[in-house]
Amino acid sequence: MAQQAATPEGEFGGRTAVVTGGASGIGLAVATELARRGAQVCVLDPACDALPAQLQGLPCDVADRASVNAAFTKVGERFGRLHVLVNNAGIGAQGTVEDNDDEEWHRVLDVNVTGMARSSAAALPLLRRAAAAGDGGRPGGAAIVNTCSVAATAGLPQRALYSASKGAVLALTRAMAADHIREGIRVNCVNPGTADTPWIGRLLDSAPDPVAERAALEARQPMGRLVSAAEVAAAVCYLAGPSAGATTGTELAVDGGMQGLRLRPTAS
């Protein structure tokens with residue numbers, strides 16, 4: 001099949017998108033880039049009252065099924081159908097298996113994994129509607145992109161709980177892709193390395209030596225720097241867009257080579 005040309009409004013012209021956790025960091029970069037490429041974008045986030053003018057917002061807590069269902073009911077009323085869901089809402093955790101108590105395990109898994117399932121379940125009727133409509137004959141009319149992490153595929157120190165949650169996201173992505181491929185809904189995930197986001201900024205601020213900690217995070221990525229939120233957003237847009245119409249059940253690493261490269265040490 002020949003690659004489909006973008007519409008005059010952009011490659012997402014005439015399409016609607018929802019980004020959970022889209023009020024800051026990677027989520028905000030994704031929402032902004034989708035809007036720049038022509039999509040009508042609705043951000044679902046507990047704090048969505050200070051969004052850029054091109055983005056719409058609805059308050060939503062992905063850890064609360066009633067909140068999620070109410071938000072997607074409003075999305076349906078506003079847009080009628082949904083072409084793209086970006087499951088980006090998530091929280092971090094530090095430490096070994098000795099350092100996080102049961103309550104913290106429940107909280108992180110509930111947001112990072114079950115929250116993703118809640119949002120997807122609530123969005124599926126709207127995504128099916130978009131897929132059935134054919135999206136004007138363009139391929140890849142309905143897509144889900146999950147924000148995963150290099151922590152799902154590489155063993156990182158002091159990230160036991162977070163890594164477990166992202167490993168579950170990777171498995172969930174593949175299972176969802178298998179479940180919904182025959183409905184015309186593609187499901188993929190993006191695996192960022194350490195990204196330069198407000199969350200990482202707070203992590204660095206709490207370190208005993210923020211400068212040294214930042215240098216260490218940059219050094220563990222072969223490219224020698226942190227990943228930008230804009231770079232992750234571009235990858236999400238590719239997976240969500242018509243050019244990836246034959247791509248489903250896959251993970252796209254945006255990690256500065258952290259997962260796949262094994263460089264020899266430089267001479268001192």
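Author: Let's start with arginine 37, which is buried because its relative accessibility is 16%; buried means under 20% relative accessible area, exposed over 50%, and partly exposed in between, using a 1.4 Å probe and protein chains only. Keep in mind that this is a predicted model, where local features need pLDDT of at least 70, side-chain atom pairs count only at pLDDT 80 or more, and totals for chains, interfaces and linings use all residues. Residues are numbered from 1 along each chain as its sequence is written, and side-chain values use heavy atoms, with hydrogens and water left out.

Arginine 37 has a salt bridge (a side-chain nitrogen of Lys or Arg within 4 Å of a carboxyl oxygen of Asp or Glu) with glutamate 11, and their closest N and O atoms are 2.9 Å apart. This pair links distant parts of the chain, 26 residues apart: glutamate 11 sits in the segment before strand E1 (16-20), and arginine 37 in the loop between helix H1 (25-36) and strand E2 (40-44). Helices (H or I, at least four residues) and strands (E, at least two) are DSSP runs, numbered from the N terminus. Glutamate 11 itself is partly exposed, at 22% relative accessibility.

Now for arginine 36, whose side chain meets that of glutamate 33 in a salt bridge of 2.7 Å, N to O. These two are three residues apart in helix H1, so about one helical turn separates them. Arginine 36 is exposed at 60%, whereas glutamate 33 is buried at 16%. Put together, Glu11, Glu33, Arg36 and Arg37 form a linked network of salt bridges.
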